Amino acid sequence: MWIYEKKLQYPAKVGRANVQMAKYLITQYGGPDGELAASMRYLTQRYHMPTPQAKGILTDIGTEELAHLEIIATLVYKLMDRASLEEIKAAGLGAYYADHDRALYFVNGEGVPWTAAYIQSKGDPVADLHEDMAAEEKARATYEWLIDLSDDPDLNDTLKFLREREIVHFQRFGEALQIVQEYLDTKKYF
Amino acid sequence: MFTPNDQMRLARAYVPFQIFSKRLDPMEGLLKGTIFPELYFPYRGHKR
């Protein structure tokens, strides 16, 4: 069960509307290494984790990724705010507009819709935790490329926060991996 | 190069456990994205 707090985990400010940047950033909404994929991956894999710590970490981080999803949604929305049709067309979002107007939809920067094929739920906790650690590194790298693409200090401030969270999550998954590996080792010899 | 100890085996990934020591104050932690100074690795940008 979840409790919703009607506020963002971190402020989502942008210096100015920027449709081109919205097109790049939306990959963190519905792209392969984005926040939706991260959240769904962890919240699904948690059921087959063998220790309560691993279940708890996947639940906590999967929940926090939903908070990040909300921040990305806010940022994309603000970047698109009051964009003219000319700006939308110039940024290569004419096809997006035809399908969605200015509404948010789960796509990557190229408009490819989100798919569950982006994530795995292998049933092997060691394999799944490795995927989770890789997912955090890929999301961190994506935030770095987005910061490179952006010249908006306000937007970059939020992107830097989200990037740092990926590093913290990697550490927590790494700790979960040690716990799970030790647990599986002791189980083997009894 | 990292030297394995006798607790470790091959074909396995290891992340050291974080030991609680220092903590930033909550507002600074929020701004940085972590309250743990030893986990703070800001992006400096790529030189290309």
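Tutor: Start with burial. A residue is buried if 20 or more other C-beta atoms lie within 10 Å of its own, exposed if 12 or fewer, and partly exposed in between, with C-beta atoms placed from the backbone. Helices are DSSP runs of H or I, at least four residues, and strands are runs of E, at least two, numbered from the N terminus.

Student: What makes α3(A) largely enclosed by the rest of the structure?
Tutor: Eight of its eleven residues are buried, so the label applies. Those residues are Glu35(A), Leu36(A), Ala37(A), Ala38(A), Ser39(A), Arg41(A), Tyr42(A) and Gln45(A). Their cover includes α2, α4 and α7 of chain A.

Student: What kind of model is this, and how is it numbered?
Tutor: This is a predicted model, where local features need pLDDT of at least 70, side-chain atom pairs count only at pLDDT 80 or more, and totals for chains, interfaces and linings use all residues. Residues are numbered from 1 along each chain as its sequence is written, while chains are lettered from A and ligands numbered from 1 in the order in which they are written.

Student: Which scores does the model carry?
Tutor: Its ipTM is 0.93 and its pTM is 0.96. Then there is pLDDT, the predictor's confidence in each residue, from 0 to 100. Chain B averages 91, and 92% of its residues score at least 70.

Student: How do you know whether the radius of gyration of chain A agrees with a compact globule?
Tutor: The radius is taken over C-alpha atoms, and the globule rule is 2.2 Å times the number of residues to the power 0.38. For 190 residues the rule gives a value near 16 Å; chain A has 18 Å, which agrees. The C-alpha trace of chain A spans about 70 × 30 × 30 Å along its principal axes. For chain B, the box is roughly 40 × 35 × 15 Å.

Student: What makes a set of residues a nonpolar core?
Tutor: Its members are buried Ala, Val, Leu, Ile, Met, Phe, Trp, Tyr and Cys residues, joined through C-beta atoms within 7 Å. The largest such core has 45 residues, and those with the most contacts inside it are Ala22(A), Leu25(A), Leu75(A), Val76(A) and Leu79(A). Two or more residues come from each of α1 (19–25), α3 (35–45), α4 (52–80), α7 (125–149) and α8 (153–188) of chain A. α4(A) gives the most, with eleven residues.

Student: Which residues does Leu75(A) contact?
Tutor: Two residues are in contact if their C-beta atoms, placed from the backbone, lie within 7 Å. Leaving aside neighbours within four places in sequence, Leu75(A) is in contact with Ala12(A), Val14(A), Leu25(A), Leu155(A) and Thr158(A).

Student: How do you know how α7(A) compares with its expected span?
Tutor: That span is 1.5 Å times one less than the number of residues. α7(A) has 25 residues and reaches 36 Å from its first C-alpha to its last, close to the 36 Å expected. Its buried residues pack against α1, α2 (27–30), α3, α4 and α8 of chain A.

Student: Why is Ala127(A) called partly exposed?
Tutor: Ala127(A) lies in helix α7 of chain A. It has 13 C-beta neighbours inside 10 Å, so it counts as partly exposed.

Student: Why is Arg82(A) called exposed?
Tutor: Arg82(A) has 8 other C-beta atoms within 10 Å, so it is exposed. It sits in the loop between α4 and α5 (85–90) of chain A.

Student: How many residues does each chain bring to the contact?
Tutor: Chain B brings 16 residues and chain A brings 17 residues.
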